[in-house]
Amino acid sequence: MPNLRPGGRGLVPARRDRRPLPRIPVPVARAVVDCAIYIDGVRQPGRISYTDALATVRESGRGFVWLGLHSPDDEQMTGVGEAFGLHELVVEDAVHAHQRPKLEVYDDTQFLVLRTVKYVEHESMEQASEVVETGEIMIFAGADFVVTVRHGDHTHLSGVRRKLEARPELLTLGPTAVMHAIADKVVDSYLAVTDRMEVDVVAIEETVFGKQNRWLNIDPVYLLKREVLELRRAVQPLSAPLARLTDHENPLIPKEIRRHLRDVADHLATVIERVVEYDEVLTSLLDAAAAKVGIQQNTDMRKISAWVAIAAVPTMLAGVYGMNFDHMPELHQVWGYPAVLLFMIATCTTLFFVFRRHHWL
């Protein structure tokens, strides 16, 4: 409402308070996907908060808690970190995505970062804008808990949880069994994506070396090369964390889990070999495509030069005699005008066939 300023000449609008409203913290429950207690490999019935679940497990000394989170913010993850006793550095990493695959150990808690990938469907490389979509899964594995933090829309772990709950003998091995199951799922997705990308690499190869394609669009080659590099950055750094997890000197990983993780490491080695092969093939295709584009440009320049040479003949004659014909060429000769026309036509025709024979036209 307007107010009357003392000593003023009229109504002056009241100033609005533009101070930002205090931010209302979002409860941790908004980021929780699932939380359960597992005792002897069996999920305990009922819904329970992660604080009560952790207190129950530690009071009884049996089982472990599996808490699943999706894209928590700073305050939410800080609350989880305080409850489970997580180091502040890994809590910060869990909030801010775009981490490299890595394994960090803080006392008896292991922090594993996995990059997830998803193949983006497309009809052809010419119409595609993205081939691989990436996300992240972060795993905190302690003695009596495992916390999973997901970033991305394709990083669902509900299927992994159901498969593990159907095999209680694995869950009896503790939180590291969950770590193995998630790593196995992620590496299997790598294999599926590389199988799909092989089709794209073959299609690009046929496009580059296809004789029916006179004009080559090099943009799809660059796009696929970029996506393969993105996949390589997600896959290759994971080999070092898996090597540490499968090390027999690692006291935090049971022997049976190490055996399963070795199988995951073998699958990862296969994926890395494929990705490196795709990268090398696409590098060769880029060189071939660049050479082909250069040849196309040279062909265009030869055609342009040939037509310029043909057009130069009448241009030269017109420049010598101008446009004022009076039975030229040597003035007042009746045969001069048709002779010049016949000379230009004959010369241009001769040049055309000469360039055509040398494949310039």
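**Overall make-up**

The model is predicted. The protein has 10 helices and nine strands. Of its 361 residues, 40% are buried. Take the contacts with a sequence separation of 6 or more: 66% of them join residues 24 or more positions apart.

**A negative patch**

Four glutamates form a patch of negative charge on the surface: Glu198, Glu273, Glu277 and Glu280. Helix α9 spans residues 255-321 and gives the patch its largest share, three residues. Glu273 is part of helix α9. Its relative accessibility is 58%, so Glu273 counts as exposed, because the cut-off for exposed is over 50%.

**A buried valine**

Val228 sits in helix α7, which runs over residues 219-235. Is Val228 buried or exposed? Val228 is buried, because its relative accessibility is 1% and buried means under 20%.

Which residues does Val228 touch, leaving aside its neighbours within four places in sequence? The contacts are Met197, Val275, Tyr278, Asp279 and Leu282. One of these, Val275, is 47 residues from Val228 in sequence. In space, the C-alpha atoms of Val228 and Val275 are 6.8 Å apart.

**Two positive phi angles**

Most residues other than glycine have a negative phi. Ser71 has a positive value, near 50 degrees, and is not a glycine. Asp107 is not a glycine either, and its phi is positive at about 55 degrees.

Both residues lie in loops. The loop with Ser71 runs between β5 (64-70) and α2 (74-84). Asp107 is in the loop between β6 (102-106) and β7 (109-119).

How accessible is each residue? Ser71 counts as partly exposed because its relative accessibility is 37%, which falls between the 20% and 50% cut-offs. Asp107 has a relative accessible area of 78%, so Asp107 is exposed.

**Accessibility side by side**

The table collects the residues discussed above.

| Residue | Relative accessibility | Class |
|---|---|---|
| Val228 | 1% | buried |
| Ser71 | 37% | partly exposed |
| Glu273 | 58% | exposed |
| Asp107 | 78% | exposed |

Note on methods:
Residues are numbered from 1 along each chain as its sequence is written. This is a predicted model: local features need pLDDT of at least 70, side-chain atom pairs count only at pLDDT 80 or more; totals for chains, interfaces and linings use all residues. Side-chain values use heavy atoms; hydrogens and water are left out. Patches are made of residues with over 30% relative accessible area and no salt bridge: like charges are joined within 9 Å, nonpolar side chains (Val, Leu, Ile, Met, Phe, Trp, Tyr) within 5 Å. Accessible areas come from the Shrake-Rupley method with a 1.4 Å probe; for residues, only the protein chains shown count as cover. A salt bridge is a side-chain nitrogen of Lys or Arg within 4 Å of a carboxyl oxygen of Asp or Glu. Lys and Arg count as positive and Asp and Glu as negative; His and the chain ends are not counted. The place of a charge is taken as NZ of Lys, CZ of Arg, CG of Asp or CD of Glu. Helices (H or I, at least four residues) and strands (E, at least two) are DSSP runs, numbered from the N terminus. Buried means under 20% relative accessible area, exposed over 50%, partly exposed in between (1.4 Å probe, protein chains only). Contact means heavy atoms within 4.5 Å.
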